[in-house]
Amino acid sequence: MRVELQPAYIIHRRPYRNTSWLLEVLTREYGLIALVAKGARRPGNAWRFLLEPFNSLLISFSGRNELMTLTSVEPGEYRTQFVGDKIYAGMYMNELLLRLLHRNDPHEELFSTYMIALNELDSAADSIEPPLRRFELCLLREVGYGIQLDHALDANVTYFYDVEKGPIEVSGPTNQQPLIHGRCLLALAQNDFSNAELFVEMKYLLRHVLNHYLSGKPLKSRELFTGKKI
Amino acid sequence: MSYSPLLQQLIDALRCLPGVGAKSAQRMAFYLLERDRKGAVHMADKLQEAMQRIGHCAICRNFSEEKICALCANKKRDSSQLCVVETPADVVALEQSVGYRGLYFVLMGHLSPLDGIGPAELGLNILAERFKQEDIKEVILATGTTVEGEATAHYITEMARGNGVSVSRIAYGVPLGGELDLIDSGTLSHAMNERKSV
């Protein structure tokens, strides 16, 4: 297989042999793929600064096996220069992708959502919550675990969200978790992130669902957000 | 061709070195056996001793066979400045080329959640203790200019600010003797954005 100028983002890279990188790359048409970037760690290699997470890239690669070879890299449309918490947010998205995606399954919509989320994180001085929530919703949908929002929902009713069955109306006191307000579920269904008061509840719901599918193994990148108290 | 069992074991053992494959390991093993048995025994002794005795300095986490390394124990160093680096090699590079007189903290890596490396794995709790206990006025962040290096720098910045310590980041830009048209655009844009008045 030979692919030319495919839009892509580096999700993870680790050193390979003396001078190469082993890359996990999210591509628009081929999904998550593994590539080896030969010689890319040599001093003076032109790819060195391009092959970083969050850079929009156009890559060419070829190969027959699961591990293919990177043959060229060009800068893509966007340049992101992440600072501060936004790097953590980006690392969080990358960790989710690596944990939940299977290699070589195309997810074009997810690629677009990831790209938009990175650009929003990069440009906005606003909250990092809406781009992250949109990304999480899309990721869950793409891997077949989408949040179930097609029930008839009432904004004024409280629901218990069951990961398998979806929202279940709650009447009276209960110790079931998580409890979510109807208006929060409606906002998620309509992709409406204008009400900042709902952000905490949205995060809570998505975290609960994601944790279920991450099989109880916690995400390391969350420590970056929570560990600030040291 | 098959080697004798012990020779095979020696060759396999040598392959744990970075960049040493089967062929290089065989060359090394034959060289030591044919030409320099004394040197090999000495090396084996030192390897044994180093692996047993060298640990981490309790203050800066650099390699040291003492509980506190010579650099941290040196009273002439300026204890109000603390330079944070990723590897012991970075300390050596800075010591050899820069007139820096402060102290160090060696992370032994950088934040990389996807590899399972978070704040605790980098000993940042030890660093937080130092911010609290010692009279550090300035922390100089000399982590790499990769995404992971930046994330690490940001994390330590927040820790330091929380403790009222001022933070600086080493400058990056055009290398000495560099010509602008040969520099990558990322470095060049940094150099332009962080220009200084003269």
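The contact, counted as heavy atoms within 4.5 Å, takes 26 residues from chain A and 28 residues from chain B. This is a predicted model, in which local features need pLDDT of at least 70 and side-chain atom pairs count only at pLDDT 80 or more, while totals for chains, interfaces and linings use all residues. Residues are numbered from 1 along each chain as its sequence is written, and side-chain values use heavy atoms, with hydrogens and water left out.

**Confidence**
- The predictor assigns the complex an ipTM of 0.85 and a pTM of 0.88.
- For chain B the mean pLDDT (the predictor's confidence in each residue, from 0 to 100) is 92, and 99% of its residues reach 70 or more.

- Between them, chain A and chain B bury about 2100 Å², with 65% of it on carbon and sulfur atoms; buried area is the accessible area (1.4 Å probe) lost by two parts on being put together, summed over both.
- One salt bridge (a side-chain nitrogen of Lys or Arg within 4 Å of a carboxyl oxygen of Asp or Glu) is counted between chain A and chain B, and a salt bridge joins the side chains of Lys220(A) and Glu121(B) at 2.9 Å, N to O.

**The chain A side**
- Strand 1 (2–16), helix 1 (85–100) and helix 6 (222–226) of chain A each supply at least two residues of the side that touches chain B, where helices (H or I, at least four residues) and strands (E, at least two) are DSSP runs numbered from the N terminus.
- Helix 1 of chain A gives the most to that side, with seven residues.

Conventions. Chains lettered and ligands numbered in written order.
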